[in-house]
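Subject: Structure handover and findings

Hello,

My notes on it follow below.

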Amino acid sequence: MPDVLHWLGIRRVDRWVSMSNMKRAALEAQGIEVVDQVAIPDRLVPLDATVEIEAKKAAGYFAPSGMPDADELHNVKGRALDE
């Protein structure tokens, strides 16, 4: 992934909008500075993707609010299989 950014001449990213710490680490390992990492805004996450986003947070992906606790995860509901 950093190859394209190098090709474009990008050496620094001021706002990295991603939950992936692995992507950020890949950029930094290739000498591209990441100044600020921000999570994907809640308003841009479709309601039926909430389960996936919370699972990523629980697995250790970047989240400014930290990992959700068991009660928060218990309250997350996805859509039914027939929807």
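Contact here means heavy atoms within 4.5 Å. This is a predicted model, in which local features need pLDDT of at least 70, side-chain atom pairs count only at pLDDT 80 or more, and totals for chains, interfaces and linings use all residues. Residues are numbered from 1 along each chain as its sequence is written, and side-chain values use heavy atoms, with hydrogens and water left out.

Start with Gln37. Setting aside neighbours within four places in sequence, Gln37 is in contact with Trp16, Ser18, Met19, Ser20, Asn21, Arg24 and Phe62. Gln37 sits in strand 2, residues 33–38. Helices (H or I, at least four residues) and strands (E, at least two) are DSSP runs, numbered from the N terminus. Gln37 counts as buried because its relative accessibility is 8%. The classes are buried under 20% relative accessible area, exposed over 50%, and partly exposed in between (1.4 Å probe, protein chains only).

The side chain of Gln37 has polar partners. One is the backbone oxygen of Ser18, reached at 2.9 Å. Another is the side chain of Arg24, in a polar contact at 3.1 Å. A polar contact is a pair of N or O atoms within 3.5 Å; within protein, one must be able to donate a hydrogen and the other to accept it, and residues adjacent in sequence count only if both atoms are side-chain atoms.

Now the charged pairs. How many salt bridges does a search of the whole structure find? It finds two. The criterion is a side-chain nitrogen of Lys or Arg within 4 Å of a carboxyl oxygen of Asp or Glu.

- Arg24 also pairs with Glu28 in a salt bridge, at 3.1 Å from N to O. Both residues lie in helix 2 (residues 21–29), four residues apart, about one turn of the helix. Arg24 is partly exposed at 21%, and Glu28 is partly exposed at 38%.
- Arg12 and Asp14 form a salt bridge, with the closest N and O atoms 2.6 Å apart. Arg12 is partly exposed at 49%. Asp14 is partly exposed too, at 42%.

Last, the surface. Val4, Trp7 and Leu8 make a nonpolar patch of about 400 Å². Patches take residues with over 30% relative accessible area and no salt bridge; like charges are joined within 9 Å, nonpolar side chains (Val, Leu, Ile, Met, Phe, Trp, Tyr) within 5 Å. Areas come from the Shrake-Rupley method with a 1.4 Å probe; for residues, only the protein chains shown count as cover. Trp7 lies in helix 1, residues 2–7. Trp7 is exposed, at 74% relative accessible area.

Best wishes
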